[in-house]
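Hi,

Here's the structure I promised to pass along. My notes on its pockets and cavities follow below.

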Amino acid sequence: MASSWKAENAPLKHLEDIKESIDTQDLPSAINTIKNYLEKQDLEELNIGITGESGSGKSSFVNALRGLGDEDEGSAKTGVVETTVKPEVYLHPELNNVKVWDLPGIGTPNFKAKKYLELVKIQLYDVFIIIASDRFKECHAQLATEIIGMGKKFYFVRSKIELSITAEKRKANFNEKNTLRSIRKDCENGLRKINVKDPIVFLISSWELEKYDFNLLQEKIEKDLPQHKRDVLLLALPNITQEINEKKKKAQMKNIAMVALLSASAAAVP
């Protein structure tokens, strides 16, 4: 009895965990264990908060994460002035349990990081992405410090990289790798100057998500998330690279295998 309760209530994270747990159960209990796992996975929410200064490209990044363009139906509003005055939630087009939040802009003269996080209800989010379209400023560092203090994960993203590359292409000695290295170094040095230790900056283009550092960003977020949220993230990612497609395929195959195991178990019941 005790082993059955433990198997049904323990956090089951892998197909192997499921198989191992049902070895000690009778068939009806095994079926319930698998059903509970699949139902919990469908209900598991992933909340991603996108923040940054007005005009930094927050809304475009919200859309890109959801596989949408700025003009597509259901996309977040974009513009040269701040269009987000309160947290706006945008559901993934295919997965309603994945929520990308377009948060109000930071960096106003009266900006207070702690008050801002209270306003946007920090407890809602699994991770934060802090976006800048040029140099990171004191407001970004203040926000990062408060997020760390509340036990949350965040990532610095330098957006609109395609514009920087286009501008640099006009120079006779243009080299894309050197340009990207220079931008990254400038961002990281700027963050160190405002007391951010060991900063990591991801270079992103919302218009060309398959380029630059998006793969590195998703890998870092995936690594930092609890196991039960990783598959949710993978299934929500836009199909932009072969690497992401392979990861999504594995996550989908795991679910298929789980359903097959459920079907086989159900078929074995007289």
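How much space lies in the largest pocket? About 360 Å³. Before the rest: this is a predicted model, where local features need pLDDT of at least 70, side-chain atom pairs count only at pLDDT 80 or more, and totals for chains, interfaces and linings use all residues. Residues are numbered from 1 along each chain as its sequence is written, and side-chain values use heavy atoms, with hydrogens and water left out.

For the terms, everything runs on a 1 Å grid over the protein atoms alone: a pocket is an open set of points with protein on both sides within 12 Å along at least five of seven lines, a cavity is a set where a 1.4 Å probe fits but cannot get out, and lining residues have an atom within 4 Å of a point. Points are joined across faces, edges and corners, and a volume is the space filled by probe spheres set on them.

Back to that pocket: 18 residues line it, and Ile148, Phe154, Phe156, Lys197 and Asp198 are the closest to its centre. Two or more lining residues come from each of α6 (138-149), β5 (153-158) and α9 (214-224); helices (H or I, at least four residues) and strands (E, at least two) are DSSP runs, numbered from the N terminus.

Of its 15 lining residues, Ile48, Leu65, Phe214, Leu233 and Leu237 lie nearest the centre. α9 turns up here too, giving the largest share of the cavity lining with 4 residues.

Cheers
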